[in-house]
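Trainee: I'd like to learn how to read a model like this one. Could we go through it feature by feature?

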Amino acid sequence: LPTGLIGGDCLRYRIAVIGAFAESPRFQGAGSARVNAHTVDCPLDAIRKAAGDSACVTFAPGYHAVSCRPDAAAIDAAVATVQGAQAVVLLAGLPSAFEAEGVDRPHMQCPEQMERLISAIADVSSDVVVVLLGGAPMELPWLPRVRSVLYMGLGGQAMGGALADLLFGAVAPSGKLAETWPVALAHCPSQSNFATHPRQVVYREGLNVGYRFFATAHATPPLFAFGHGLSYAAFEYGLLQLSLKDGGQSVVASRGTPTDILLVSLTVRNVGQRTAAEVVQLYVRDVQASVHRPDRELRAFAKIKLHAGASEELRFELAPRAFAFYDTQAADWYVEPGAFEILVGSSSDDIRQCAVYEVLGESRSTVVGQGPPMGYTLFDDAALARLGCIVPPTDPPAPYDVNTTLQEASESGWIAWLIFHAVLRVATLGARISAARAGLGDGPATVAIVDAGIRCMTFRNMQLMTGGALSDRLLNFVVQLLNGRYGSALRALVCPE
């Protein structure tokens, strides 16, 4: 699409812009990520300016930008706005309350109101461009029903003008995903282990984190792979040339020693019709390791901008650590002799060129796991134990101590429950008032951050936050009281230390 997502002759277009984010964009995070922007580009204004006076740009919000509460009438109005439009730009994504620091997302879905809005618009238009605003992956069940998706992330105060430039083809998109986007949350390897206990998380993925899991486990393919990103141009990858660094020179070779530095070069050509940028990614695969290793690991990348028809030679330098794994017995990094595949492509699952590099030498006999590698996708307790990692039993909340959280303490009795919820109510009310005064529209996110902070705060942290007002003696009194040791509590309160 060299002319952009909306098309070349937009002056004759009737363009429908849908989504409250077009007027009140989600351009930054909440909590400590929040800043008072000098000015914020309005995406709707930027689209109208880019389309020109001859184009007809209509708008309907479709949802509330902050609460995104169910609203069938807003969806009906948006559908009516789309009627007769040649192109539809629909802004959706994650409101600030759906993702914030210190708060775990319970799911990867967009608000239900947005999901229904997109489906309803797709029912009446086959030319829908969905613009996603948000700072994390999302489930996109409606993806097959829309023409394209433009992920803007949290684009900052000037994202409105940038969005218009991308939609109308003034510039070509060149971003790449820094995270794997799974089809569903259930496909993530950590899903069965995370948040199953309030005090313990067992990291059972080992090395199979992110794209390494999807490439190694050969499970359900992700929705979008790590490093994925399309452009208005196309790029051709030339054959890989391998050489060894010898002082200031390079010597063509496909074999080397564990201490050699490998140079990988290739020519990338823009075979599209316009100037665009590409991020070339280099992964290394250990063909037959004596220990478990992920199927591929990112070792280098480079971004190049090329005019239509232009080409450029790229050169990557791979030091020995690019091929090494950590030998736990030797307490050092080890480059194991054998064959390695050098994989170069546009994403972790879009490999365009491959070459084999062989490391010469004798293998160690003391490497942990020597022999057939112990393949895994997730470690169970027995597999962790074979590696010397014993999963400790989970600690019960009681008896309570200085590391007990306020929410755990609230479960000790009705008095503690009342005190905890009174503190929680006062704190969240203050957060709501503060957010309203700031006028940045992220009140629900601020309340969620404060709520999570209070629930997870330990007595020790509370003592630090009071600046000494909660003394050790008073803290000991509270802990003894929670544990039902009333005599010890009284002594802690009246007897000097």
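Trainee: Which residue in β3 does V17 stand opposite?

Mentor: V17 faces V89 in β3. A word on ground rules: this is a predicted model, where local features need pLDDT of at least 70 and side-chain atom pairs count only at pLDDT 80 or more, while totals for chains, interfaces and linings use all residues. Residues are numbered from 1 along each chain as its sequence is written, and side-chain values use heavy atoms, with hydrogens and water left out.

Trainee: How many bridges join β1 to β3?

Mentor: Strands pair if DSSP finds at least two bridges between them. Here β1 and β3 run parallel and are joined by four bridges. As for the names, helices (H or I, at least four residues) and strands (E, at least two) are DSSP runs, numbered from the N terminus. The chain has 12 helices and 17 strands.

Trainee: In what order do the five strands of the open sheet come?

Mentor: The order is β2-β1-β3-β4-β5, with parallel pairing. At the edges sit β2 (56–60) and β5 (148–153), each pairing on one side only. Neighbouring strands of this sheet are turned by 20° against each other on average, direction ignored.

Trainee: Which strands does α2 touch?

Mentor: Contact means heavy atoms within 4.5 Å. Axes are lines fitted to C-alpha atoms, for helices over the stretch in contact, and angles run from 0 to 180 degrees between N-to-C directions. On that basis α2 packs on the sheet against β1, β2 and β3, and its direction makes about 165° with that of β1. Helix α3 lies across β1, β3 and β4, running at about 165° to β3.

Trainee: Which residues of α3 are buried?

Mentor: Buried means under 20% relative accessible area, exposed over 50%, and partly exposed in between (1.4 Å probe, protein chains only). In α3 the buried ones are Q113, M114, E115, L117, I118, A120, I121 and A122. They pack against β1 (14–18), α2 (72–82), β3 (87–93) and β4 (128–133). Over the chain, 45% of the 497 residues count as buried.

Trainee: And P144, buried or exposed?

Mentor: P144 has 73% relative accessibility, so it counts as exposed. You'll find P144 in the loop between β4 and β5. From P144 to A122 is 22 residues in sequence and 9.9 Å in space, C-alpha to C-alpha.

Trainee: How many aromatic pairs are there?

Mentor: Rings of Phe, Tyr and Trp (its six-membered ring) pair if their centres lie within 6.5 Å; planes under 30 degrees apart are stacked, over 60 edge-to-face, and the rest tilted. That rule gives 10 aromatic pairs. One of them is Y211 with Y283, edge-to-face at 5.7 Å centre to centre and 75° between the planes.

Trainee: Why does that pair tie together parts 72 residues apart in sequence?

Mentor: Because Y211 lies in helix α5 (residues 211–217) and Y283 in strand β11 (residues 276–286). Both Y211 and Y283 are buried. Another edge-to-face pair is F325 with Y334, at 5.6 Å centre to centre and 85° between the planes; both of these residues, F325 and Y334, are buried too. Ring pairs also link Y151, W181 and F224 into a cluster.
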